[in-house]
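Trainee: Could you walk me through how to read a model like this one? I'd like to begin with charge.

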Amino acid sequence: MLAISSGKGGVGKSTISANIAVALGNIGLKVGLMDTDIYGPNIPGILGSHDRPVTNPDTGQIKPIEAHNIKFISMGLLLEEGSPVIWRGPMLAKMINQFLSNVEWGELDILIADLPPGTGDVQLTLTQSAPLTSALILTTPSAIALEDVRRGVEMFRQAEVPILGLVENMSSFRCDACNHNEYLFGHGQSKSTAEELEIPFLCDIPIDIKLRECADNGQPAVFSQPTTAGSEAIINLAKIVIACLEEK
């Protein structure tokens, strides 16, 4: 199981998680995606599928939804549209354990857990009860986001979860008119933070309007717009993930 984590919200983690999962599925892997952001379950919208899961009458397990060559489960599939989740920590932990043990995942090559931001109850439940192979940490180049990266790295280290590496999202923006590359949130800090924390820096992903547009339309960019700069970066990242996991 690969956990995709960010110390800070708003760095595009769910969009990148969904696109990595679909990219791995397109390569030919059997992929499961578990949306563990119980309070903000965005994966159904990004994948464009809001079908309600059904239970297998023979096993009593929940059947995950299939979309874009992957299987996924999310709290967003179990709620009425616009309904909030108002739960305390023990209920979050119970739902995560349901996703782990009571979903009929079948045979998978990889199960990806899209974690909520921070270092709270969901992260604690997963690191204590799930067979996490490693964690991939997503950030933006801003100093504030990188401060939270340090906390996330320390959490995984305390839980003895290997860290696959750091990925910088929204690294730069290329102007279509003049091809100038602008570093809107800073430049170079993510690589230096990775070096400081002694973790690999895996890649950077540019700001790409197609990633946002496709996510809003429920069509992951690596599926519907695979030749854009953002999609190509994520497809390359998927290959890096495979190579890193094969080394472990």
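This is a predicted model: local features need pLDDT of at least 70, side-chain atom pairs count only at pLDDT 80 or more; totals for chains, interfaces and linings use all residues.

Trainee: How many positive and negative side chains does the chain have, and how far apart are the centres of the two sets?

Mentor: There are 17 positive and 29 negative side chains, with the two centres 2 Å apart.

Trainee: Next, overall form. What radius of gyration does the chain have, and what would a compact globule have?

Mentor: The chain comes out at 17 Å; a compact globule of 248 residues would be near 18 Å, so the two agree. The C-alpha trace spans about 60 × 40 × 35 Å along its principal axes. In secondary structure, you'll find 9 helices and 10 strands.

Trainee: What share of the residues counts as buried?

Mentor: That's 51% of the 248 residues.

Trainee: Let's zoom in. Is serine 49 buried or exposed?

Mentor: Buried means under 20% relative accessible area. Serine 49 has 9% relative accessibility, so it counts as buried.

Trainee: Where does serine 49 lie, and which residues does it touch?

Mentor: Serine 49 sits in the loop between α2 (43-47) and β3 (65-67). Leaving aside residues up to four places away in sequence, serine 49 touches Pro44, Ile65, Ala67, Phe72 and Leu77.

Key
Residues are numbered from 1 along each chain as its sequence is written. Side-chain values use heavy atoms; hydrogens and water are left out. Helices (H or I, at least four residues) and strands (E, at least two) are DSSP runs, numbered from the N terminus. Buried means under 20% relative accessible area, exposed over 50%, partly exposed in between (1.4 Å probe, protein chains only). Contact means heavy atoms within 4.5 Å. The radius of gyration is taken over C-alpha atoms; the globule rule is 2.2 Å times the number of residues to the power 0.38. Lys and Arg count as positive and Asp and Glu as negative; His and the chain ends are not counted. The place of a charge is taken as NZ of Lys, CZ of Arg, CG of Asp or CD of Glu.
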